[in-house]
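This report goes through one protein model, beginning with a pair of packed helices and ending with some backbone details.

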Amino acid sequence: MKNGVRRVNPSISPSIRLSIGPLLGPLLVPLIRSGRTLLSLLYPPHCALCLAPTRPGNHLCRNCLQSAVQIRAPACEVCSLPFYGLIDGPFTCPNCAQRRWHFKCAVACYLSRGVVRDLVHRFKYQRAHHLRHALGRWLGESLADPRLQNPLPDLLVPVPLHPAKLRKRQFNQSEILAHWVGQTHGFEVCNALKRTRHTPTQTHLSRRHRMENLRGAFALSKNPPVQNRHLILIDDVLTTGATLDACAHTLLRAGAASVRAATVARA
Ligand SMILES: [Zn+2]
Ligand SMILES: [Zn+2]
């Protein structure tokens, strides 16, 4: 148990564990394992980005992993924005010092540059679903941050997509990542939110206009168990924080005890 993160064995899904029963289990598990060994002989594991050979269980080679830009201290306690200079002790960026977010903090361990941005992009827009493992590991690092461990979260809540966007993309990247980290680290996941208003793409809008654009864009899904619970919003990339703020606002109004956020990366 690292930093209080509960872990479950992710190699066998709960439904398989339940259905194989106590007698068949000991027979089936070695069979599944030997099947995997055979598969790895036929298809040796390789890096999801550059196709270099990797060790089994590693989805990226050492070179690609090392080229991911980590966010190191000093970074904003609230929004994880890195500070490029010498500073001692906790630091809050001017943007967070000026305004009050509805989330307590938003944690990301990597900058959305280079390999990280490339992976998120391929996962989201090119339907490269196998990349969820590599992205899920980075998201898991955010979840292990002390800011998200004390108190331990009761529920992970993925940022929802509008149904029209979901139909077009066919999956919600935040939901897939939330389930990946939920299963790996032993946290419950709940689709507590829905997106009620389709907002036009926000990239060209100023920070203030993004906030206004998102007002009333989220609502609660049917009776989610969020009251008096410590929630963590899950998203792929934190850009301005406007989406996370609007989601956190909706959850706090529904009686959540606290809302924090974890993302794979930060713009
Ligand atoms: Zn590589
Ligand atoms: Zn900040």
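## Helices α9 and α10

Helix α9 (residues 207-214) and α10 approach each other with their axes within 9 Å, crossing at roughly 35°. The crossing of these two helices, α9 and α10, is right-handed. On the α9 side the residues involved are Arg210, Met211 and Leu214, and they meet Ala242, Thr243 and Ala246 in α10. The model described here is a predicted one.

An α-helix has 3.6 residues a turn, so residues three or four places apart point the same way.

## Overall make-up

The protein contains 10 helices and seven strands. It has 267 residues, of which 31% count as buried. Among contacts with a separation of 6 or more, 71% are between residues 24 or more positions apart.

## The nonpolar core

The largest nonpolar core holds 58 residues, and Leu135, Val157, Leu233 and Val264 have the most contacts inside it. At least two residues of this core come from each of β1 (106-107), α4, α5, β3, α8, β6, α10 (242-253) and β7.

What does leucine 233 touch? Leaving aside residues up to four places away in sequence, leucine 233 touches Phe103, Val157, Val159, Leu244, Cys247, Ala248, Val259 and Ala261. Val157, one of these partners, is also listed with leucine 233 among the residues with the most contacts inside the core.

## Helix α8

Helix α8 covers residues 173-185, which is 13 residues. At 1.5 Å a residue the helix should span 18 Å, and its end C-alpha atoms are 18 Å apart, so the two values agree. Just after α8, glycine 186 has a positive phi of about 75°.

The buried residues in α8 are Gln173, Ser174, Leu177, Ala178, Trp180, Val181, Gly182 and His185. The elements that they pack against are α4 (114-125), α5 (132-143), β3 (155-158), β6 (230-238) and β7 (258-266).

## Helix α5 and its two partners

Two packed helices are described by the angle between their axes and the distance between the axes. For α5 and α8, the axes come within 9 Å and cross at roughly 65°. These helices, α5 and α8, are therefore roughly perpendicular to each other, and their crossing is right-handed. From α5, the contact uses Arg132, Leu135, Gly136, Leu139, Gly140 and Leu143; from α8, it uses Ile176, Leu177, Trp180, Val181, Thr184 and His185.

Helix α5 also packs with α4, at an angle of about 125° and with the axes 10 Å apart. The pair α4 and α5 is therefore oblique, and the crossing is left-handed. Here Leu119, Val120 and Phe123 in α4 meet Arg132, Ala134 and Leu135 in α5.

Most residues other than glycine have a negative phi, and most peptide bonds are trans.

Proline 74 belongs to the loop between α2 and α3, while proline 151 is in the loop between α6 (146-149) and β3. Leucine 86 is located in the loop between α2 (62-67) and α3 (94-98). Although 12 residues separate leucine 86 and proline 74 along the chain, their C-alpha atoms are 7.9 Å apart. Leucine 86 counts as exposed because there are 6 other C-beta atoms within 10 Å, and the cut-off for an exposed residue is 12 or fewer.

## Positive phi outside glycine

Glutamine 170 has a phi near 75°, a positive value in a residue other than glycine. Glutamine 170 sits in the loop between α7 (163-169) and α8. Is glutamine 170 buried or exposed? With 7 other C-beta atoms within 10 Å, glutamine 170 is exposed.

Asparagine 228 is not a glycine either, and its phi is positive at about 60°. Its place is in the loop between β5 (218-220) and β6. Asparagine 228 has 10 other C-beta atoms within 10 Å and is therefore exposed.

How values were computed: Residues are numbered from 1 along each chain as its sequence is written. Chains are lettered from A and ligands numbered from 1 in the order in which they are written. This is a predicted model: local features need pLDDT of at least 70, side-chain atom pairs count only at pLDDT 80 or more; totals for chains, interfaces and linings use all residues. Helices (H or I, at least four residues) and strands (E, at least two) are DSSP runs, numbered from the N terminus. The expected span of a helix is 1.5 Å times one less than its number of residues. A residue is buried if 20 or more other C-beta atoms lie within 10 Å of its own, exposed if 12 or fewer, and partly exposed in between; C-beta atoms are placed from the backbone. Two residues are in contact if their C-beta atoms, placed from the backbone, lie within 7 Å. A nonpolar core is a set of buried Ala, Val, Leu, Ile, Met, Phe, Trp, Tyr and Cys residues joined through C-beta atoms within 7 Å. Axes are lines fitted to C-alpha atoms, for helices over the stretch in contact, and angles run from 0 to 180 degrees between N-to-C directions. Angles under 35 degrees count as roughly parallel, over 145 as roughly antiparallel, 65 to 115 as roughly perpendicular and the rest as oblique. A crossing is left-handed if the near helix is turned anticlockwise from the far one by less than a right angle, and right-handed if clockwise.
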